[in-house]
Amino acid sequence: MAGGAVRARAVRPPPPPPLPPWLPPPPLLLLLLLLLLLPPAGVRGAGPPAVQDGEFTFLLPAGRRQCFYQSAPANASLETEYQVIGGAGLDVDFTLESPQGVLLVSESRKADGLHTVEPTEAGDYKLCFDNSFSTISEKLVFFELIFDSLQDDEEAEGWAEAVEPEEMLDVKMEDIKESVETMRTRLERCIQVLTLLRAFEARDRNLQEGNLERVNFWSAVNVAVLLLVAVLQVCTLKRFFQDKRPVPT
């Protein structure tokens with residue numbers, strides 16, 4: 001129609017593509033995503049992490065005192081061992097205090113030491129190394145902490161009771177458990193011995209390197225003195241044979 005108004009027809013958007021048949025409905029999909037985001041039940045009820053053994057090597061400056069704090073569970077065994085592997089004299093002062101502030105160990109000018117606290121108290125044990133008596137030489141100190149908790153043995157016994165069948169077996173579970181415990185103890189002892197051997201090796205190497213430096217230094221001093229004496233002797237002999245009388249013209 002000429003001169004008439006033109007009506008605009010609304011265009012509908014195309015419908016969304018259907019979901020693949022292997023996907024669940026949207027409400028169920030949202031519920032699955034929420035369940036995946038939630039932490040596991042075992043994580044929410046987990047207790048504090050177990051205390052692990054540790055070893056540390058540090059440099060103790062001259063005239064300084066340095067302390068370390070180590071958390072320990074109750075009713076366990078704590079074994080601490082230290083060794084001075086570098087520095088003049090190879091000695092240091094050592095103290096060990098309980099979480100209540102009770103002085104358990106106090107040693108003066110020692111090169112190494114081994115101490116066991118049993119049973120332990122729940123809290124932080126304080127280990128201090130003192131080099132305040134030395135004004136020049138710094139010390140390289142190695143120490144190791146070993147824990148033996150009684151809770152691990154109780155858990156092992158509970159596990160053995162849970163898996164032990166009712167009928168009698170030819171090989172008893174107790175024998176297997178004792179063999180495994182003996183092997184574990186020996187392996188841990190092997191690790192400790194190897195760690196101590198590494199500490200002894202480091203100390204011997206530091207001693208040898210220090211002796212080599214001293215030998216090289218004094219050898220260089222002796223060579224310099226010999227050269228100086230040789231030059232002085234030559235100059236003295238030349239002065240003896242010099243004719244200082246005037247030559248007549």
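1. E144 counts as buried because its relative accessibility is 7%, where buried means under 20% relative accessible area, exposed over 50% and partly exposed in between, with a 1.4 Å probe and protein chains only. This residue is found in strand β8, and it touches G54, E55, E79, T80, E81, Q192 and T195, leaving aside residues up to four places away in sequence; a contact here means heavy atoms within 4.5 Å.

2. The model is predicted, so that local features need pLDDT of at least 70 and side-chain atom pairs count only at pLDDT 80 or more, whereas totals for chains, interfaces and linings use all residues. Residues are numbered from 1 along each chain as its sequence is written, and side-chain values use heavy atoms, with hydrogens and water left out.

3. As to the overall layout, the protein has 4 helices and 8 strands, taken as DSSP runs (H or I of at least four residues for helices, E of at least two for strands) and numbered from the N terminus. Along the sequence these elements follow the pattern α-α-β-β-β-β-β-β-β-β-α-α. Buried residues account for 22% of the 249 residues, and of the contacts between residues at least 6 apart in sequence, 76% join residues at least 24 apart.

4. Which strands form the open sheet, and in what order? There are 4 of them, in the order β2-β7-β4-β5, and the pairing is antiparallel, two strands being counted as paired if DSSP finds at least two bridges between them. Because β2 and β5 (103-110) stand at the edges with a single partner strand each, one side of each is left without a neighbour in the sheet. From one strand to the next the twist averages 15 degrees; axes are lines fitted to C-alpha atoms (for helices, over the stretch in contact), and angles run from 0 to 180 degrees between N-to-C directions.

5. The individual pairings can be checked residue by residue. β2 and β7 are joined antiparallel over 8 bridges, and F68 has L127 in β7 as its bridge partner. β4 runs antiparallel to β7 with 5 bridges and antiparallel to β5 with 5 bridges; T95 stands opposite C128 in β7 and opposite S106 in β5. β4 is mostly covered, with 5 of its 6 residues buried. The β4 and β5 strands form a hairpin with 5 residues between them, and G101 in the turn has a positive phi of about 90 degrees.

6. The largest nonpolar core has 20 residues, and those with the most contacts inside it are F58, F94, L96, F129 and F143. Such a core is a set of buried Ala, Val, Leu, Ile, Met, Phe, Trp, Tyr and Cys residues joined through side-chain atoms within 4.5 Å. At least two of its residues come from each of β1 (54-60), β2 (65-72), β3 (76-86), β4 (92-97), β7 (123-130) and β8 (139-149), and the largest share, 4 residues, is supplied by β8. Residues up to four places away in sequence aside, L96 touches T80, V102, L103, L104, V105, V117, Y125, K126 and L127. In soluble globular proteins, nonpolar side chains tend to be buried together.

7. Some backbone geometry deserves a second look. Most residues other than glycine have a negative phi, and most peptide bonds are trans.

8. L90 returns in the lining of the second largest pocket, together with G86, G87, A88, G89, N206, L207, G210, N211, E213 and R214. Helix α4 (residues 173-240) contributes the largest share of that lining, 6 residues. On a 1 Å grid over the protein atoms alone, a pocket is an open set of points where a 1.4 Å probe fits, with protein on both sides within 12 Å along at least five of seven lines, and lining residues have an atom within 4 Å of a point. The volume of this pocket is about 210 Å³, a volume being the space filled by probe spheres set on the points, which are joined across faces, edges and corners.
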